[in-house]
Amino acid sequence: MRMILVGPPGAGKGTQAAALKEKLGVPHISSGDMLREAIEEGTALGKEAAGFMSRGDLVPDETVIGLVCERLLKADCARGFLLDGFPRTRRQAEALDVALEAKGLKIDAVLMIDVPENLLIDRMTGRRLDPKTGRIYHMSFTPPPQDIVPRLVHRPDDTVDAAQVRLGKYRRDTQPIIPYYEEKGLLRRVSGVGEPPAITRAIFAVLEL
Ligand code: AP5
């Protein structure tokens, strides 16, 4: 299956992607994770992206389109993929369609995780990432075991100020891709409010997995 996860920042896309990836047996391709890796490695791409990301701005379309479309050509994507954080603009959505069509492929489903805006800032500011396992925690909602707390990472864009910029970008640039996929009959919606395992079950149900 070739699918896309969409939803506002902090909606739980990364959290749910971990369960979906297991279920579908396809790679989880997160544009945000790829960009953070490039920053960590100090590549030219990482240097370009770092400023945009820490402010909460989007990285330019051309840069992200090249990065993700190249990744989709790798052998592990032959049986499908789970895209998270891409596409995020109408231009990225159209570029993805062109890249897939060139290989005779298409998107099978787009899953929208809906969470009211008033819950999102707390989710982002309380988030911590485990660099060792890749697991996503929240200091209040899904607290980590005490012994791993010292190694957890707080994302530089998980401040209140950057989170507000990200929400604004989501409203302006990303929400317009929802009707794009709705018109194609690909959009499925789930509520992202509740315990993560219950949301996973709702996702499997809506996707008939
Ligand atoms: P990216 O990494 O894609 O971030 P995002 O889309 O803003 O999404 P998040 O990672 O913030 O949230 P999420 O929905 O994955 O939530 P999570 O599961 O972690 O992008 C970061 C930046 O990179 C962008 O701002 C931009 O600069 C750049 N970028 C990336 N892609 C780009 C693109 N295509 N074009 C241009 N620029 C791009 O959950 C959040 C928290 O909530 C966690 O603490 C979690 O434990 C908790 N949580 C999860 N589910 C629940 C629940 N059900 N109840 C309570 N808490 C929960």
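Residues are numbered from 1 along each chain as its sequence is written, and side-chain values use heavy atoms, with hydrogens and water left out. Because the model is predicted, local features need pLDDT of at least 70 and side-chain atom pairs count only at pLDDT 80 or more, whereas totals for chains, interfaces and linings use all residues.

Helices here are DSSP runs (H or I, at least four residues), numbered from the N terminus; axes are lines fitted to C-alpha atoms over the stretch in contact, with angles from 0 to 180 degrees between N-to-C directions.

| Helix pair | Angle | Axis distance |
|---|---|---|
| α2 (residues 31–41) and α3 (residues 44–55) | about 115 degrees | 8 Å |
| α1 (residues 13–24) and α9 (residues 196–206) | roughly 50 degrees | within 10 Å |

In the pair of α2 and α3, the contact (heavy atoms within 4.5 Å) is formed by Gly32, Leu35, Arg36, Ala38 and Ile39 of α2 together with Leu45, Gly46, Ala49, Ala50 and Met53 of α3. In the pair of α1 and α9, Thr15, Gln16, Ala19, Leu20 and Lys23 of α1 meet Pro196, Ile199, Thr200, Ile203 and Phe204 of α9.

Tyrosine 181 belongs to helix α8, which spans residues 177–183, and is buried at a relative accessible area of 1%, where buried means under 20%, exposed over 50% and partly exposed in between, with a 1.4 Å probe and protein chains only. Leaving aside residues up to four places away in sequence, tyrosine 181 touches Ile4, Pro87, Ala93, Leu96, Val110, Leu186 and Leu187. The C-alpha atoms of tyrosine 181 and isoleucine 107 lie 9.7 Å apart, although 74 residues separate the two along the chain.

Conventions
Helices (H or I, at least four residues) and strands (E, at least two) are DSSP runs, numbered from the N terminus.
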